[in-house]
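Subject: Structure handover

Hello,

Here is the structure I promised to pass on. Please open it alongside this note, and then read on for what was found.

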Amino acid sequence: MTDHTNADPFTIAGQGFDSRLILGTGGVASMDALRAALKTSGTQLATVALRRVSPATQGSLLDIIRESGAQVLPNTAGCFTSAEAILTARLAREALGTSWVKLEVIGDERTLLPDPVELLDAAETLIDDGFTVLPYTNDDPILAARLEGLGCAAVMPLGAPIGTGLGIRNPHNIELIVDRAEVPVILDAGIGTASDAALAMELGCSAVLLATAVTRATDPAAMAEAMRWGVIAGRLARRAGRIPKRYHAQASSGQADLWIED
Amino acid sequence: MQIVVNGAPTELADATTVDQLVSNVAKRPQGIAVAVNRSIIPRSQWRDTQLRDHDQVEVLTAAPGG
């Protein structure tokens with residue numbers, strides 16, 4: 001039997017990834033739990049935040065991610081303005097030696113929803129400065145198109161607010177974003193469990209980014225593995241072509257040569 | 001002189017360089033970025049950049065984050 005799971009890479013800014021699951025490291029209970037989850041997830045890209053150095057823990061996070069074989073993707077979490085996000089991205093480039101950034105500019109603490117005005121402004125400046133910008137965005141097809149038009153390397157619409165685990169609240173919008181995007185669409189935030197990740201892929205997303213659903217699960221390593229297979233299953237289903245939905249039943253057993261007479 | 005390092009008032013000898021400060025604050029210099037008064041000091045300039053009284057210094061690195 002052909003193994004479909006390992007021959008379906010996608011590319012961001014010309015770089016290929018075999019795994020379509022991107023793992024955020026926020027919320028991990030311990031470095032051991034993270035090490036295990038990175039392994040079972042099979043991810044090749046893991047996000048980190050930029051924070052004040054603490055000598056007690058410095059270095060262990062980056063060591064663990066690199067040992068797993070994943071590439072580090074810094075984010076701008078915690079930034080509320082374009083100026084803060086731009087400075088954070090530049091500091092991350094200096095610290096981590098990568099010009100890739102998950103651009104996150106938040107509108108308020110309560111919803112943690114993106115601020116589209118600040119986001120567009122920051123994206124434009126960082127792209128001009130040579131960054132590969134992966135913006136965390138609202139599930140708004142028009143905003144996604146604007147971000148792509150600026151030169152973002154992917155668009156990352158939310159399924160639901162960060163950390164809620166509410167799944168994909170507006171699947172139709174995600175489909176609309178996928179339909180017109182020519183860069184990868186990465187479903188970011190809101191995933192609660194493996195079926196949410198599968199749905200994202202069925203809707204046509206190129207990849208899924210999630211953190212809390214794994215790091216705060218009862219068994220993070222087991223959930224990371226569930227997400228890995230959820231993403232693969234959803235991707236296979238998308239490529240396989242699902243049946244149309246019907247209002248009435250349609251017998252799957254043939255009617256020809258039925259022995260029961262009318 | 002007194003500067004603020006990662007939000008904490010810190011007493012330092014005059015003419016302390018960024019390079020010297022980093023070796024005091026961080027276990028190792030890899031994976032670190034430094035901003036002085038909100039301006040990034042590239043690693044190549046750490047040795048030649050002297051801190052001044054009242055500077056606000058941030059020494060940053062990767063931490064768990066989504």
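**Where the chains meet**

Strand β4 (residues 45-52) of chain A and β5(B) pair in the antiparallel sense, over five bridges. Two strands count as paired if DSSP finds at least two bridges between them. Helices (H or I, at least four residues) and strands (E, at least two) are DSSP runs, numbered from the N terminus. Within this pairing, A:Leu50 stands opposite B:Ala62 in β5(B).

Before going further, some housekeeping. This is a predicted model, in which local features need pLDDT of at least 70 and side-chain atom pairs count only at pLDDT 80 or more, while totals for chains, interfaces and linings use all residues. Residues are numbered from 1 along each chain as its sequence is written, and chains are lettered from A and ligands numbered from 1 in the order in which they are written.

Now the wider contact. On the chain B side, 22 residues are in contact with 30 residues of chain A. Contact here requires C-beta atoms, placed from the backbone, to lie within 7 Å. β3 (33-36) and β5 (56-64) of chain B each supply at least two residues of the side that touches chain A. The largest share, seven residues, comes from β5(B). By type, the residues of that side of chain B divide into twelve nonpolar, five polar and five charged. Ala, Val, Leu, Ile, Met, Phe, Trp, Tyr, Cys and Pro count as nonpolar, Asp, Glu, Lys and Arg as charged, and the others, Gly among them, as polar.

Take helix α2 (residues 60-68) of chain A. Its buried residues are A:Leu61, A:Ile65 and A:Ser68. They cover an arc of only 65° around the axis, which puts them on the same side of α2(A). The arc is that of the directions from the helix axis to the C-beta atoms. On the other side of α2(A), A:Arg66 and A:Glu67 are exposed. A residue is buried if 20 or more other C-beta atoms lie within 10 Å of its own, exposed if 12 or fewer, and partly exposed in between.

What covers the buried residues of α2(A)? The cover includes α1 (31-41), β4 and β5 (71-74) of chain A, together with β5 of chain B. Just after α2(A), A:Gly69 takes a positive phi of about 90°.

Helix α6 (residues 171-180) of chain A has A:Ile174, A:Ile177 and A:Val178 as its buried residues. Seen down the axis of α6(A), they fall within an arc of 100°, so they line one face of the helix. The face turned away from them carries the exposed residues A:His172, A:Asp179 and A:Arg180. The buried residues of α6(A) pack against α5 (141-150), β8 (156-157) and β9 (186-188) of chain A.

**A sheet in chain A**

An open sheet of three strands has the order β6-β7-β8 in chain A, with parallel pairing. β6 (100-103) and β8 stand at the edges, each with a single partner strand, so one side of each is left without a neighbour in the sheet. β6(A) pairs with strand β7 (residues 132-137) of chain A over four bridges. There, A:Val101 stands opposite A:Val133 in β7(A).

**The core**

The largest nonpolar core has 96 residues, and A:Leu103, A:Ile186, A:Cys205, A:Val208, A:Val214 and A:Met227 touch the most other members. Such a core is a set of buried Ala, Val, Leu, Ile, Met, Phe, Trp, Tyr and Cys residues joined through C-beta atoms within 7 Å. Helix α3 (residues 82-96) of chain A gives the most to this core, with eight residues. Among the residues that A:Ile186 touches are A:Ile22, A:Met156 and A:Cys205.

**A loop in chain B**

Which residue has a positive phi of about 50° although it is not a glycine? That is B:Asn37, in the loop between β3 and β4 (39-41) of chain B. B:Arg38, in the loop between β3 and β4 of chain B, has a positive phi of about 70° and is not a glycine either. B:Asn37 counts as exposed, with 12 C-beta neighbours inside 10 Å. B:Arg38 counts as exposed with 10.

Best wishes

How values were computed:
Two residues are in contact if their C-beta atoms, placed from the backbone, lie within 7 Å. Lists of a residue's contacts leave out its neighbours within four places in sequence.
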